[in-house]
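Please look over the sequence and the model below. The paragraphs that follow go through the structure one part at a time.

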Amino acid sequence: MTEFIIANMAPIIFGSLVVFLLLGFPVAFSLGANGIIFGWLGIELGLFHPAFFQALPERIFGGIMSNDTLMAIPFFTFMGLILERSGMAEDLLDTIGQLFGPIRGGIAYAVVLVGAMLAATTGVVAASVISMGLISLPIMLRYGYDRRLASGVIAASGTLAQIIPPSLVLIIMADQLGKSVGDMYKGAFVPGFVLTGLYLLYVIAVTLVRPNWAPALPVEARVFREPNGKSGNVSLLVLAVVSVAAAVTFGKLALAPDRALDETIVITSLVGVAVAFTLAVINKLLNIHLLSRIAERVTFVLIPPLGLIFLVLGTIFLGVATPTEGGAMGATGALLMALARRRLTWSLTRQAMDSTAKLTTFVVFILVGARVFSLTFYGVDGHKWVEHLLTDLPGGQVGFLVVVNILVFVLAFFLDFFELSFIVVPLLGPVADKLGIDLIWFGVLLAVNMQTSFMHPPFGFALFYLRSVAPSTRYKDVHSGKVTEPVTTGQIYWGAIPFVLIQIIMIGLVIAFPQLVGHDKDAAAGGPDIDIMQMIQEDAQKSEGGAPAAPESTPAQPAPPPASDDAITRALKDADKK
């Protein structure tokens, strides 16, 4: 029995962790307890020297407390909470809803676009889903939107906070994979907005197939109109054309043609919004009435958060500021914006600081538990067990990607993205690196996949957030005076399914078109370019040529470790590498 335990210590540790999690124990304590218990057991069985745990303080204080990258988490969280609690979400939804209101599905388009903007400011799913659920769901129900479409759009748009920078999951993913947060942000920039476009395409398809599911706003509900009764959209269109022309001209004249796409988008967008905001301010101060009411409203509501987003991301992408410095600058900008709008109060600031402290503490506790667990797991060569398990899969790189994505998708039913990032990603990263897969691309792929953890019925957290604010009983609408039926849990679940399928399609797009994940591969030093067709061809050649001889030659390849290289030495070496 003792020999069996010693030979299979790694799978036993991992299996016991799964049991602890399924029993409902907190993740941080499950990780830490498994690490300490099995570390003690390893000492008793002679696998470790009693000095084994001397590496633990260095892993906690040197690997966590002195990690400047993790400081970006409280900064970006605080920035998002200040913006969200100061009424930015309400203003954005009201303004964009009025802008798209005259067309079918207008409020749904507004929810998706505002979800993308909140994702680029808050980076927190709960804040986005709850804000849009409280503000837009009653309006969508009032004007006859299908409950499944309304709930699905709100929940899915809130999950964009996981993939659009400055996402918290991308910060943690970069830390766990040992890569730059800036490169991870660059890599996720285009996929995040492609996913936003897919959500919009789905709403368009619904309005074409089932137009009664997403009716346009009635005329009496469109409040931003000119004195002559016109909508004023022509003025807004002219302002948009001028701003885009200025941005394109600046990009062609001032930016090098070989500059990265994400950097070009951020810089030119910042120029465009600056031009639009300057023109609106001049129009307001001089009272020359060149812009319509809707044009002024859209400019003054959209431009400040957009400017803050592009300023923060632009400085990070250009290398002017680190993600931590960018987060600090964003938090300061959010406070100034709330102060300028006369919405910054001590109560608001205290609530934001309290929520930020709770989330940051939650992350640090899980990370400490993960460090304790990984020390023991690496000490019993658990990383080699996982590596052999995944590298021996048929299909090479393609087989690895297929199995990993299915595994993460299934685990997302039971674990949220924090738990997946701290438990699963550290085990998968070294294997992907050994297989020659670019870790930035791999991290973005996993982030897109883990996004589904918020949308999985019946355990998706975004669905729970929406359920907490959606009406559960019949109520009388205060504006229309009509009795409105409640939104059932089943309608929320059915509404989420199409968006989960869209997220799966996005995973396929990232795999099929790896160039969507753009970053400086030389700076990231993450491995060769990914070509799926080349992967398949290489795997086919290996299976036809040298594969039969591999099992015989494999045992002779690794050199036997020296007698002095015992488990404690290997564990300390692995701890230093981590």
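Helix 13 is the main contributor to a nonpolar patch, giving four residues to it. At least two patch residues come from each of helix 12 (233-254) and helix 13 (261-286). One of the members, Leu286, is located in helix 13. Leu286 counts as exposed because its relative accessibility is 58%, and the cut-off for that class is over 50%.

The model shown is a predicted one. The protein has 27 helices and two strands. Of its 578 residues, 51% are buried. The surface comes to about 25,800 Å², of which carbon and sulfur atoms supply 67%. When contacts between residues at least 6 apart in sequence are taken, 79% of them join residues at least 24 apart.

How many residues of helix 10 are buried? In helix 10 (residues 168-177), 10 of the 10 residues are buried, and the helix is mostly covered. Among these buried residues are Leu168, Ile171, Asp175 and Gln176. The cover involves several helices: the buried residues of helix 10 pack against helix 5 (72-85), helix 11 (181-209), helix 16 (346-379), helix 19 (417-423), helix 20 (425-434) and helix 21.

Helix 4 gives another picture. In this helix (residues 55-65), Ala55, Leu56, Arg59, Ile60, Gly63 and Ile64 are buried. Viewed along the axis of helix 4, the buried residues lie within an arc of 130 degrees, so they line one face of the helix. Glu58, Phe61 and Met65 are exposed and sit on the face of helix 4 turned away from the buried side.

Helix 6 (residues 88-100) contains Gln98. Is this residue, Gln98, buried or exposed? Gln98 has a relative accessible area of 13% and is therefore buried. Beyond its neighbours within four places in sequence, Gln98 touches Leu217, Ala221, Arg222, Val223, Phe224 and Ile294.

Side chains of opposite charge can pair when their charged atoms come close. The structure has six salt bridges. In one of them, Arg343 and Asp91 meet through their side chains at 2.9 Å, N to O. This pair links distant parts of the chain, with Arg343 in the loop between helix 15 (323-340) and helix 16 and Asp91 in helix 6, 252 residues apart. Arg343 is partly exposed at 32% relative accessibility, whereas Asp91 is buried at 14%.

A salt bridge also joins Arg148 and Asp146, with 3.3 Å between the closest N and O atoms. Here Arg148 is partly exposed at 36% relative accessibility, and Asp146 is buried at 15%. Glu485 and Arg474 form a further salt bridge, in which the closest N and O atoms are 3.1 Å apart. Because Glu485 lies in the loop between strand 2 (483-484) and helix 23 (489-512) and Arg474 in the loop between helix 22 and strand 1 (475-476), this pair ties together parts 11 residues apart in sequence. Glu485 is partly exposed at 38% relative accessibility, and Arg474 is exposed at 57%. Through shared partners, salt bridges join Asp91, Arg341 and Arg343 into one network.

The last topic is the aromatic rings. A pair of aromatic rings is described by the distance of the centres and the angle of the planes. The count of aromatic pairs, with ring centres within 6.5 Å, is 16. Phe400 and Phe442 form a stacked pair, 5.8 Å centre to centre with 25 degrees between the planes. Phe400 belongs to helix 18 (residues 396-411) and Phe442 to helix 21 (residues 439-450), so the pair ties together parts 42 residues apart in sequence. Phe400 is buried, at 0% relative accessible area, and Phe442 is buried at 0% as well.

Phe461 and Phe464 make an edge-to-face pair, because their ring centres are 6.3 Å apart and their planes stand at 85 degrees. These two residues are three apart in helix 22 (residues 461-469), which means about one helical turn separates them. Phe461 is partly exposed at 33%, and so is Phe464 at 37%. Elsewhere, ring pairs link Phe14, Phe373, Phe377 and Trp385 into a cluster.

Technical notes. Residues are numbered from 1 along each chain as its sequence is written. This is a predicted model: local features need pLDDT of at least 70, side-chain atom pairs count only at pLDDT 80 or more; totals for chains, interfaces and linings use all residues. Side-chain values use heavy atoms; hydrogens and water are left out. Buried means under 20% relative accessible area, exposed over 50%, partly exposed in between (1.4 Å probe, protein chains only). Contact means heavy atoms within 4.5 Å. The arc is that of the directions from the helix axis to the C-beta atoms. Rings of Phe, Tyr and Trp (its six-membered ring) pair if their centres lie within 6.5 Å; planes under 30 degrees apart count as stacked, over 60 as edge-to-face and the rest as tilted. Accessible areas come from the Shrake-Rupley method with a 1.4 Å probe; for residues, only the protein chains shown count as cover. A salt bridge is a side-chain nitrogen of Lys or Arg within 4 Å of a carboxyl oxygen of Asp or Glu.
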